[in-house]
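Here are my notes for your first pass through this model. Keep the sequence and the picture side by side as you read.

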Amino acid sequence: MSFSQIRGQERAVRILQNEVSTGSVSGAYLFVGPDGVGKYLMALNFAKVLNCKKSDVDSCDECISCQKIDHLSHPDLRVMETEKGSIGIEEIRVLKREVGYSLYEGTKGVWIIKDADKLTQEAANSLLKILEEPPPRVVIILISQAREKLLPTILSRCETIPFSLLSSSEIRRALDRYRPPISGKIPLIEKLARGRIGEALLLAQDEAILNLREEILNDLAKNTDPDRSSRLVQSWKSFPPPQLERSLDMLLFWFRDLLILKKGGGEVVINGDRIKDLERQLDRYSSSGLIKTIDTIERTKRHLKYRVSTGLALQDMWLSLAECELHPT
Ligand SMILES: [Zn+2]
């Protein structure tokens, strides 16, 4: 994939291409915006453009350098990501040591730090020096969901490239081009993706996610059975983190939809295909109960990011959800 194929982030593409063509590429960038809108993809493409053997302001996708970056096997590309809750000083020490080395085969070494908001204060402070004066052959790209999650001293040393959610029509256009065609599912996927192209394409590609949604919604559409909390805690606690987060989102959308319907805004519900089930559930909750439910799910999502015990967090959540019902059965 090249710059010209990235959808919905034309402004970011324009800025980066302009810098490449005028020779004014910065040493440090912050790609900032919501999850799933293409920040990492853009960072990889920028790395390709900076190192492409054939083309100047876009990648050719054919040369050895473009191909190696596509396969994450280019020796001058480093991607720093962590499964842990934080990126510590040790990782930054490695970066500092390695940016001092000569390049292996590229023209620009590119370091991509995913989830830069996970840098510990110590790691962020250690990174400052290198952000201030990166060697000319190195570009460091920090990726984050929100500027306010980073230290002001980091922000002031990076050129910020903002990314935004895509419009519904941009998402729909991308899904229209998806092969094999998924025409019947486009309206639902477009709503579930909420402006995030990465999520839209994943939903188009991975049928299991929509099947999981069906299972969750079928459960929510039924009256609560006494074993529901323990049954769902048992099955959800073994979910890998992305699946758990997505499942919690499905839950969140369901209760947001109920709140929207309570307030008479039926046309903007996400689960439009389940409107009858939603309407049947309306008298089980008060508006304040729904607001509490939504808060509870959001709080659980935050807690799980910090790797608290998944089982306990889910158990708490399901108990609180049951308490928010007007007529628990
Ligand atoms: Zn190339």
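1. Start with a term. Two residues are in contact if their C-beta atoms, placed from the backbone, lie within 7 Å. Helices (H or I, at least four residues) and strands (E, at least two) are DSSP runs, numbered from the N terminus. With that in hand, look at helix H15: the cover over its buried residues includes helix H11 (228-236) and helix H14 (287-305).

2. A word on the source. This is a predicted model: local features need pLDDT of at least 70, side-chain atom pairs count only at pLDDT 80 or more, and totals for chains, interfaces and linings use all residues. Residues are numbered from 1 along each chain as its sequence is written.

3. Now the whole chain. It has 15 helices and five strands. Its C-alpha trace spans about 65 × 45 × 30 Å along the principal axes. Of the 329 residues, 34% count as buried. Buried means that 20 or more other C-beta atoms lie within 10 Å of the residue's own; exposed means 12 or fewer, partly exposed is in between, and C-beta atoms are placed from the backbone. Take the contacts between residues at least 6 apart in sequence: 73% of them join residues at least 24 apart.

4. Next, the sheet. In what order do the five strands of the open sheet lie? The order is S2-S3-S4-S1-S5, and the pairing is parallel. Strand S2 (77-80) and strand S5 (159-162) are at the edges; each has a single partner strand, so one side of each has no neighbour in the sheet. From one strand to the next, the twist averages 20° (axes are lines fitted to C-alpha atoms, for helices over the stretch in contact, and angles run from 0 to 180 degrees between N-to-C directions).

5. Zoom in on one pair. Strand S1 (residues 28-32) and strand S4 (residues 138-144) run parallel and are joined by five bridges. Two strands pair if DSSP finds at least two bridges between them. Tyr29 has Ile141 in S4 as its bridge partner.

6. Back to H15 (residues 310-323). Its 14 residues should span 20 Å at 1.5 Å a residue, and the end C-alpha atoms are 20 Å apart, which agrees. The expected span is 1.5 Å times one less than the number of residues. Which residues of H15 are buried? They are Ala313, Leu314, Met317, Trp318 and Leu321. The arc is that of the directions from the helix axis to the C-beta atoms. Leu312, Leu319 and Glu323 are exposed on the other side of H15.

7. Compare H1. This helix has 13 residues and reaches 18 Å from first C-alpha to last, close to the 18 Å expected at 1.5 Å a residue. Ala12, Val13 and Leu16 are buried. They cover an arc of only 100° around the axis, which puts them on the same side of H1. The buried residues of H1 pack against helix H2 (39-51) and S5. On the other side, the exposed residues are Glu10, Arg11, Arg14, Asn18, Ser21 and Thr22. Just after H1, Gly23 takes a positive phi of about 65°.

8. Finally, one residue. Val20 sits in H1 (residues 10-22). Is Val20 buried or partly exposed? Val20 is partly exposed, because 18 other C-beta atoms lie within 10 Å. Leaving aside residues up to four places away in sequence, Val20 touches Val25, Val49 and Val57. Val20 and Asp58 are 38 residues apart in sequence, yet 9.2 Å apart in space, C-alpha to C-alpha.
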